[in-house]
Amino acid sequence: MRAICLYLHIHQPWRYRRYSIFDVAHNHNYWYEKDYYDKQNNERIFRKVAEKSYHPMLDLIERNIKRYPGFKVSLSITGTWLEQAAEWDNSLIEQIRRLVYTGQVEIVGETYYHSLAFFYDENEFQEQVKMHSDKIFELFSVRPRVFRNTEFAYNDEVGRWADKLGYKAVLAEGWDKVLGWRSPNHVYKVAGAERTRLLLKNYRLSDDIAFRFSDRNWKEWPLTAPKFQDWVNMDALRGNLINLFMDFETFGENIWADTGIFEFMEQLIAGWLKEFDNKFVTVSEAADIEQPVDTVSMPETVTWADTERDLSAWLGNDIQHEAEKVLYDMKSDILRSGDPDLVSDWRRMTTSDHPYYMCTKYWSDGDVHAYFSPFDSPYDAFMYYMNVIRDFEWRIQNLNIQRMKLLGEA
Amino acid sequence: MMKILMLGWELPPHNSGGLGVACLNLSRALAKDGAEIDFVVPYEADHQEISFMNVLSAMKLDPLFRYGVGAYDSKYVDEALIPDAPQEKMISIRDVQHNYCKFVEEYLMEYKPDVVHAHDWLTFEAGVLAKRNFGIPLVAHVHATEYDRSGMRGGNPVVHAIEREGLMLADKIIAVSQATKDIIHEKYDIPEDKIDVVYNSLDEDFLKSAYKYDSDDYKYLEAMKGLGYTIVSTVGRFTVQKGLSNLMRAAARAISKERKLIFVFAGDGEQKQELLDLSAKFGISKNVVFTGFVRGKQLRDVYAVSDIFVMSSVSEPFGLTALEAAHHGDVLILTKQSGVAEVIKSAMEYDFWDEEKLADEIVAISKSKALRNTLKKGISTEYCKISWQDVAKKIEKVYNEVDKHKELC
């Protein structure tokens with residue numbers, strides 16, 4: 001028996017607009033850029049991606065679920081995406097609900113805000129994971145049993161935390177430097193934990209689709225479904241579980257429809273299920289597919305980003321560290337304020353996309369396409385971010401002053 | 001080995017701006033690659049330190065008067081008077097240019113260079129003469145156009161006409177930035193494939209020369225820094241091109257959010273009074289320092305004492321001062337309209353009219369050590385990436401192209 005575990009990640013951040021120092025204390029609108037065509041306009045971006053990717057890919061999934069009882073998909077959906085979908089295109093949520101109700105789609109757990117809280121504040125991290133679980137239950141009547149951390153940022157501590165909370169499995173990168181001769185096509189044990197399993201991304205086959213599919217300079221271009229299936233068959237010789245983990249937006253947004261990516265998927269699903277003893281599994285099913293063959297330990301944090309597979313795209317320079325530090329430093333003041341809008345605004349700033357926009361790793365090399373950002377430069381991203389932080393400080397102070405006044409009157 | 005007739009207007013130390021610096025470094029790099037250069041200047045002065053090329057003076061004229069009256073003030077062309085005009089009656093820059101042409105004509109009767117390389121409108125007439133009357137391939141090097149000098153407000157029609165003729169007749173044009181190339185293409189209707197962009201580099205003499213910052217020179221500013229003030233500086237001629245009134249308004253806005261800022265305006269020019277009046281009107285006179293015209297060590301002291309350097313130009317073909325400031329550890333804020341912003345990524349940028357964003361950037365840098373460090377770290381590897389030898393390679397490619405034109409003729 002051979003199994004493909006297809007897992008897709010759906011996320012949109014709340015991009016803050018170009019929030020000026022002259023807005024601070026006057027105007028608390030960070031998320032809604034008035035100019036529809038501006039690069040920071042969240043509604044425009046959401047609608048664009050919905051049209052190019054969310055709708056056609058969800059339709060494709062739904063079609064194939066109806067056609068093949070053996071087709072399964074796992075999705076992780078951030079809270080910030082769900083908020084935006086509720087605001088601008090609720091039919092997406094309804095469609096995902098239909099999919100979940102078929103039993104062929106599983107939802108994966110994560111932080112509600114797609115944050116790096118694990119590395120800054122354990123309580124906040126727990127809270128955001130719980131918020132996400134509650135939101136998923138509210139919308140889809142299920143609770144996630146498998147966990148992934150933001151950007152696949154995994155280390156043994158993440159694994160042990162998940163074990164403590166009773167998760168069946170955690171998703172992580174199947175990085176050669178960690179695996180050595182071992183294959184990502186097996187189920188592994190988390191170091192220092194008995195129950196929770198590790199599912200590791202088969203990054204070569206995943207990236208053949210997610211990155212190389214549309215690359216005309218690639219020697220394998222054009223990639224056809226039968227060719228890819230041959231590769232999967234070859235790869236399955238070193239383990240029967242093929243973990244294809246990627247961003248949902250791969251389909252239609254990162255790789256445009258005119259490359260034939262949707263037809264490719266359609267053919268791959270049909271072709272794969274046609275062969276005897278082939279199947280698709282969800283992440284929970286994948287965890288049970290075999291007894292763990294070994295324990296994989298990652299003392300250092302490994303992510304699914306860049307050739308370095310580390311956090312340097314998010315926490316690589318001074319402004320990124322500063323941005324995260326000032327944010328988490330003000331947490332107790334924010335929570336103590338008792339103002340739910342302020343708490344929600346603050347949590348939206350924990351989204352990892354924000355420090356990502358401040359990445360300078362390849363900035364001066366002129367490789368502007370290496371990092372997608374709605375801002376003109378990493379420095380602009382930081383400047384507007386800090387202005388939002390200043391406004392938070394002002395709001396905290398202002399609430400305190402009003403409270404004192406009320407006390408005085410009483 | 002190529003013989004080049006270089007037509008210039010100034011060479012250090014007799015220079016009033018970046019044109020002379022660029023010409024000197026460029027010629028030196030070309031000579032190092034084996035080019036034989038005769039360099040014409042319109043004045044008579046000793047250039048003893050220059051041994052790699054022949055400096056020819058076109059006429060007996062004190063270096064001070066080569067622009068007529070008022071350096072770079074092209075709007076006074078045809079009007080200006082030179083006191084005590086030497087020898088023949090040279091009363092304006094047009095007369096200087098006339099004599100310059102005559103000299104070039106006489107030179108070409110005797111010598112046959114492979115290429116004539118003319119720098120800016122000042123020498124374009126002489127370049128055109130070489131091309132038209134002697135059939136020598138012409139390379140027109142544009143360091144600034146009249147649109148730049150007039151802050152994109154039109155400028156002097158006489159100068160425009162000379163620029164247009166030079167650009168039309170040149171076999172190849174070198175622009176110091178993409179921004180300049182765009183102006184040449186859009187405003188002078190020159191086809192894009194005739195224009196090559198070749199960026200400038202930092203002055204080698206500047207990099208090599210021994211310089212030690214003496215914190216005593218700007219004792220007041222150092223003291224204020226000790227009290228937590230951030231020093232923001234700008235260097236240049238006080239003309240509309242430099243966008244300094246926008247900077248002054250942004251300064252007032254920034255100070256309204258962050259009191260501990262001092263703005264140093266280094267330079268001089270026609271807008272001095274206007275800038276003084278503005279600072280008084282906004283009530284920020286105490287936060288604004290005017291140094292007057294500075295050069296040499298004094299200029300470097302300004303860079304050294306500053307934390308932030310602003311290039312506020314409405315239009316800046318390149319903007320070498322930004323690289324000099326970076327060399328002294330300043331963090332840069334550049335207008336998107338300046339050529340240097342095309343090559344430097346580790347800087348904050350704004351549109352020259354966007355005073356709010358400029359103010360925002362100044363406040364952001366002054367309030368965040370992390371931002372300052374990140375910008376500083378980025379620029380430290382970026383500012384000297386291009387060498388003059390790289391520049392020379394690109395120019396030689398242009399020479400070889402126009403040399404082929406000659407064979408076709």
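**Entry 1: V159(B)**

I started with V159(B), which counts as buried because 21 C-beta neighbours lie inside 10 Å. The cut-off for buried is 20 or more, so V159(B) meets it. I note that this is a predicted model. I then looked up the element and found V159(B) in helix α5 of chain B, residues 157-169. I also took one distance from here. E49(B) is 110 residues away from V159(B) along the chain, and their C-alpha atoms are separated by 33 Å.

**Entry 2: domains of chain B**

I looked up the domain assignment of chain B next. Domain 1 takes in 3-201 + 387-408, and domain 2 covers 206-382. Between the C-alpha centres of these two domains of chain B I read 30 Å. For the contact, I found 19 residues on domain 1 of chain B and 12 residues on domain 2 of chain B. I asked which elements of chain B give two or more residues to the domain 1 side. They are α1 (18-32), α4 (146-149) and α6 (178-188). By class, I have eight nonpolar, eight polar and three charged residues on that side of domain 1 of chain B.

**Entry 3: domains of chain A**

I find 26 residues of domain 1 of chain A in contact with 19 residues of domain 2 of chain A. The domain 1 side of chain A holds 12 nonpolar, seven polar and seven charged residues.

**Entry 4: between the chains**

I moved on to the contact of chain A with chain B. Chain A puts in 17 residues and chain B 18 residues. On the chain A side, α11 (318-329) and α15 each supply at least two residues. Which element gives the most to the side of chain A that touches chain B? I find that α15(A) does, with four residues. I sorted the chain A side by class and got eight nonpolar, six polar and three charged residues.

**Entry 5: the nonpolar core**

I count 236 residues in it, and C5(A), V170(A) and L332(B) have the most contacts inside it. Helix α15 of chain A, residues 378-409, gives the most to this core, with 10 residues. I then listed what C5(A) touches, leaving out residues up to four places away in sequence. Among them are L199(A), L241(A), I242(A), N243(A) and L244(A). V281(A), V283(A) and A286(A) are also touched by C5(A).

How values were computed. Residues numbered from 1 in each chain as written. Chains lettered and ligands numbered in written order. Predicted model: local features only at pLDDT ≥ 70, side-chain atom pairs only at ≥ 80, totals over all residues. Domains from an automatic or database assignment. Contact = placed C-beta atoms within 7 Å. Nonpolar A, V, L, I, M, F, W, Y, C, P; charged D, E, K, R; others polar. Core = buried A, V, L, I, M, F, W, Y, C linked by C-beta atoms within 7 Å. Buried ≥ 20, exposed ≤ 12 C-beta atoms within 10 Å, placed from the backbone.
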